[in-house]
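Please keep the sequence and the model at hand while reading.

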Amino acid sequence: MKNYDQLIDSALAELESCETPELLDKVRVKYFGKNGEVTNILKSLSKFSQAEKKDMGKKVNLFKQTFFDNLEKKKKVIEQIQIKEKLQKEQIDISLPTREEKKFDSKIHPITHTVNEIISILGNMGLNYEEGPDIENDFYNFTALNIPENHPAREMHDTFYVKNNSEKLVLRTHTSPVQIRNLKKKKFPLRIFAPGRTYRCDSDITHTPMFHQVEGLVVDHSVTFANLKWFLEKFCKTFFDNEELKLRFRPSYFPFTEPSAEVDINCSITAGKITLGEGDKWMEILGCGMVHPNVLKMSGVDDQKLKGFAFGMGIERLSMLKYGMPDLRDFYDSNIKWLSHYGFSFLETTDLSWR
Ligand code: PHE
């Protein structure tokens, strides 16, 4: 069996000299494949005597064990070497300077900045931060807000409906459903605000299908319209950083407030430039009113004992007026030029440590 011993030696030596998993496999096939050298020896065993067969069988099994043990070990060694090589090749030199023409300062998006400002101001005015889901059920978005089925106000909302088999779902058309979620907690006095995304199937210079609103709600035993006026005046003067700002409360209609008003702020417009707090032109900025008794009742709140005011503002609009952006659609165009012009540096971002 001298030949066989030589075969073992060369097989193990070949394994040892392999440098890739593919080569290892080739060696395996060469010896143990269908037509492999060891396989063929096993096939020819029938020619041998019983004693020889036994002896050979033992030897082959032993060899097989060693061969596959070595193959596994070698495989691991090769893998380790390959990983090391890959790591070395793919190393990133973080000390390399960036390419000059690709350099731009990262900025905070104006919406993020404006939301942070609103959070800071309303937080300081005693309201608590709340959130609601973007996908709402029909009840919270409409019915509980005194907008029953077939009510024309539903048409006004250009609603995105969400396909669903059980309950009726919509992408919330305003942040007002957060009012209901909080009224249902029945913890009074209730003083909350809720900024977030809202959706309407509408797209032109003044509308994007996704936009932001912030909702405010204060419910207590003796809340009046005068409280609402004081609150909004204080908020607007602080937000626009302008003590001269005048507010006009214009009678309006919302199904969930009674009485309802829209609020305008005064401004002048010269050569297309809007200056707030001066002049006799008016810009609409928000909707508000006293919480409708039906809304309180439907949330299980005693409308005889508790009263509330609510308001809702479009955040893009507030941002455009404060920072002078002419086109709403620019907010969501991901244009680096626009972002680096209108964006805010990290240091300008409002301090939120009080939260
Ligand atoms: N939800 C109203 C809108 O989207 C705004 C609003 C909120 C009005 C709260 C009154 C009270 O237009």
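## A pocket and its lining

The second largest pocket holds about 200 Å³ of space. The structure described here is a predicted model. Residues that line the second largest pocket include His 109, Ile 111, Thr 112, Val 115 and Ile 119, along with Tyr 129, Pro 195, Gly 196 and Arg 197. Met 210, His 212 and Tyr 332 also belong to the lining. Helix H5 (110-124), strand E5 (190-199) and strand E6 (210-220) are the elements that each give two or more residues to this lining. Which of them gives the most? H5 does, with four residues. By type, the lining of the second largest pocket consists of seven nonpolar residues, four polar ones and one charged one.

## Strands E1, E5 and E6

Strand E5, one of the contributors to that lining, is mostly covered, with eight of its 10 residues buried. E5 pairs with strand E1 (residues 128-129) in the parallel sense, through two bridges. E5 also pairs with E6, here in the antiparallel sense and over 10 bridges. Ile 192 of E5 takes part in both pairings: Asn 128 stands opposite Ile 192, and in E6 the bridge partner of Ile 192 is Leu 217. In a regular strand, side chains point by turns to one face of the sheet and then to the other.

## A sheet of three strands

Another group of strands forms an open sheet of three, in the order E2-E4-E3, with antiparallel pairing. Strand E2 (135-137) and strand E3 (161-162) stand at the edges; each has a single partner strand, so one side of each is left without a neighbour in the sheet. E3 is joined to strand E4 (residues 169-171) by two bridges, and the two strands run antiparallel. Within this pairing, Tyr 161 stands opposite Val 170 in E4.

## Two cysteines

How many disulfides does the structure hold? The count is zero.

A disulfide needs two cysteine sulfur atoms within 2.5 Å.

Pro 21 lies in helix H2 (residues 21-32). Is Pro 21 buried or partly exposed? Pro 21 counts as partly exposed, at 30% relative accessibility. Leaving aside neighbours within four places in sequence, Pro 21 is in contact with Ile 78 and Gln 82. Pro 21 and Leu 71 are 50 residues apart in sequence, while their C-alpha atoms are 9.6 Å apart in space.

In helix H11 (residues 315-323), the buried residues include Ile 315, Glu 316 and Leu 318, together with Ser 319, Met 320 and Leu 321. An α-helix has 3.6 residues a turn, so residues three or four places apart point the same way. After H11 comes Gly 324, which has a positive phi, near 70 degrees.

Key
Residues are numbered from 1 along each chain as its sequence is written. This is a predicted model: local features need pLDDT of at least 70, side-chain atom pairs count only at pLDDT 80 or more; totals for chains, interfaces and linings use all residues. Side-chain values use heavy atoms; hydrogens and water are left out. On a 1 Å grid over the protein atoms alone, a cavity is a set of points where a 1.4 Å probe fits but cannot get out, and a pocket is an open set with protein on both sides within 12 Å along at least five of seven lines; lining residues have an atom within 4 Å of a point. Grid points are joined across faces, edges and corners, and a volume is the space filled by probe spheres set on the points. Ala, Val, Leu, Ile, Met, Phe, Trp, Tyr, Cys and Pro count as nonpolar, Asp, Glu, Lys and Arg as charged, and the others, Gly among them, as polar. Buried means under 20% relative accessible area, exposed over 50%, partly exposed in between (1.4 Å probe, protein chains only). Two strands pair if DSSP finds at least two bridges between them. Contact means heavy atoms within 4.5 Å.
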